[in-house]
Amino acid sequence: MVPEPMSDALKNWFYFLTGAVFLFLARVKHTIYGYSTPKPYSVEQLDRCIAYDIKVVDEWLERLYGYLPAAGRGGFLTGKRVLELGPGSDLGVGLYLLSMGIEEYNAVDVNDLVESASDEFYERFIAYLRDNFDGVDPSFLKRELARTRSGDNGRLNYVCRPDFDIVQALGSRKIDIIFSQAAFEHFDDIDKTIQDISRVAAKDAIAVVLIDLQTHSRWIKDKDPNNIYRYPKWFYDLFHFRGIPNRARPYQYKESFQKHGWRDIVIEPASVLSSDMRGFMNGHYSKEFGCDRNQMEYLSVWLCATKA
Ligand SMILES: C[S@@+](CC[C@H](N)C(=O)[O-])C[C@H]1O[C@@H](n2cnc3c(N)ncnc32)[C@H](O)[C@@H]1O
């Protein structure tokens, strides 16, 4: 084995120590403010939030149509019952999907972040849909939004439950498409969540999920994206708070989806670690992340699966 250059060894130590400080700060921030910032910018940046929601849905659909080419031939969304896990700060995604003809949009979260979206955001969002897409009915979208915001869920069904019990949240509703964006990595128990979605999924339901596997603390994410995997479980757990990245790796998602009756499970990287960083990190992962099946080069992944 080629010895590690001294400068890399020092830099690795620097990231190890700095990352621990970030874990501590994230823990303190959560204690003071709770889970407060789903997006890396303020919900007051209305145009940015609108563009983000549109992009998220467009990317889900692109992925869905790549996974299931027959769905891309038009009309697939019509009448579909959709579930989003962890929608974050607003219901823009739901409004956009409803405007495309889905039957209903359901969303389940543990944090009532949607409270933070303003009337102005929704006015602008609906106006954006009206101005940019054919056949959008703004009064239908406004009516569904008003119902949801007054606690009377109809076709835009937002449920916030601290216990994240998806089966209870949906009651007798069944689901044809499950979407989720940068949320699975925050779930307390991914196997329980996958079991829950398997119960509410109709036969042949499709899941399209983007999972962000990286460190979430903003400065260190750019410099050392796999920083959280440097620490052994006992140390990482010292900084535990609800919503801290759970460090589950792609193979664990695959095993869980398989176990709960999903087929044709495809996991593909959405972003990968640079080759320089791969060499730099060599030998610096905690031992539970050391072997190849962890696919540490994957920074974020797309997971698509079909309910058998
Ligand atoms: C990074 S945000 C992503 C939100 C949104 N999908 C987006 O792309 O902006 C993570 C989401 O997961 C939810 N979440 C955080 N911790 C959770 C937990 N322990 N169980 C379930 N959901 C959680 C948050 O409330 C939030 O909606």
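Visitor: Among contacts between residues at least 6 apart in sequence, what percentage join residues at least 24 apart?

Guide: The share is 78% in the protein chain, where a contact means heavy atoms within 4.5 Å. Please keep in mind that this is a predicted model, in which local features need pLDDT of at least 70 and side-chain atom pairs count only at pLDDT 80 or more, while totals for chains, interfaces and linings use all residues. Residues are numbered from 1 along each chain as its sequence is written, and side-chain values use heavy atoms, with hydrogens and water left out.

The protein chain holds eleven helices and seven strands, which are DSSP runs numbered from the N terminus, helices being H or I of at least four residues and strands E of at least two. Its radius of gyration is 20 Å, which agrees with the value near 19 Å that a compact globule of 308 residues would have; this radius is taken over C-alpha atoms, and the globule rule is 2.2 Å times the number of residues to the power 0.38. Of the 308 residues, 49% count as buried, a word that means under 20% relative accessible area, with exposed meaning over 50% and partly exposed in between, using a 1.4 Å probe and protein chains only.

Now to the part you asked about. In soluble globular proteins, nonpolar side chains tend to be buried together. Here the largest nonpolar core has 52 residues, and those with the most contacts inside it are Leu 83 and Phe 184; such a core is a set of buried Ala, Val, Leu, Ile, Met, Phe, Trp, Tyr and Cys residues joined through side-chain atoms within 4.5 Å. If we leave aside residues up to four places away in sequence, the residues that Leu 83 touches include Asn 106, Val 108, Ile 166, Leu 170, Ile 178, Phe 179 and Val 200. A second, separate core of 44 residues includes Leu 46, Ile 54, Val 93 and Phe 179.

One more buried residue deserves a look, Phe 164, which counts as buried because its relative accessibility is 9%. Phe 164 sits in the loop between β3 (156-160) and α6 (166-170), and although it is not a glycine, it has a positive phi of about 50 degrees. Most residues other than glycine have a negative phi.
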